[in-house]
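The answers follow the model shown.

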Amino acid sequence: MNGQCRFSHVTKEYLKVFFCILNEMIRGMTEVKLTDSISHNLIMQMIPHHEAAIKMSNNILKYTTDISLQGIALQVITEQTKSIENMRSIVKHCGELNNEEHDLCAYNKTMRQIMQTMFSRMRCAQITNSINCNFMWEMIPHHEGAVEMAKNALEFDICCELRPILQSIIVSQQCGIKQMQELLRCLGC
């Protein structure tokens, strides 16, 4: 945290919860027992990623009075809850599709890079006493990570039932990024 700025009690409470959510997400995504199935691995890493977005959104909803940001947070909760349900319903079947070792290596290498970039950008997101701005500065790299993870998986042989879920993630998260970038401009962040 920036030592130059004094943070309000509300900001401190918001940030305390955010960093707990972030650390839990990082553990959830990095401690997954990887298999020979890209489909299985992606699902098992995307679920804690989505769960973190839901928790982050619930965290901002405790504090924000901005109607546009409330709408964005509620949209994140709705979309990512549905995405988790969809992934959980196919994980067993999709996990039966195994990939060749060279594909697994290529997929995992890119996935690690995407995750490390996302974790770093979320950890180092700008922090001010505006929790509305803080949330979006944290959530944009989170969404960008989901888009990149989905695009990476779509480059490989994955379960046909997973493809439309990943395409939906790409569309919804790119839309969310644009909404947050516009709101950041409107709020003068």
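A disulfide here is a pair of cysteine sulfur atoms within 2.5 Å. The model is predicted.

Q: Which pattern do the disulfides of the protein follow, with bonded cysteines counted along the chain?
A: By the distance rule, the count comes to two disulfides. One joins C94 to C159, S to S 2.3 Å. The other is formed by C133 and C189, with sulfur atoms 1.8 Å apart. Counting bonded cysteines along the chain, the pattern is 1-3, 2-4.

Q: How many residues apart are C94 and C159?
A: The link of C94 and C159 is left-handed, with -60 degrees about the S-S bond. C94 sits in helix 3, while C159 is in the loop between helix 5 and helix 6. The pair thus links distant parts of the chain, and the separation is 65 residues.

Q: Is C189 buried, partly exposed or exposed?
A: C189 lies in the segment after helix 6, and its partner C133 in helix 5. C133 counts as buried at 6% relative accessibility. Buried means under 20%, and exposed means over 50%. At 34%, C189 is partly exposed.

Q: What is the radius of gyration of the protein?
A: The protein has six helices and zero strands. For 189 residues the globule rule gives 16 Å. The value for the protein is close to that, so it is as compact as a globular protein of that length: 17 Å.

Key:
Residues numbered from 1 in each chain as written. Predicted model: local features only at pLDDT ≥ 70, side-chain atom pairs only at ≥ 80, totals over all residues. Heavy atoms only, no water. Helix = DSSP H or I, 4+ residues; strand = E, 2+ residues; numbered from the N terminus. Rg over C-alpha atoms; globule rule 2.2 N^0.38 Å. Buried < 20%, exposed > 50% of the residue type's maximum accessible area, 1.4 Å probe, protein only.
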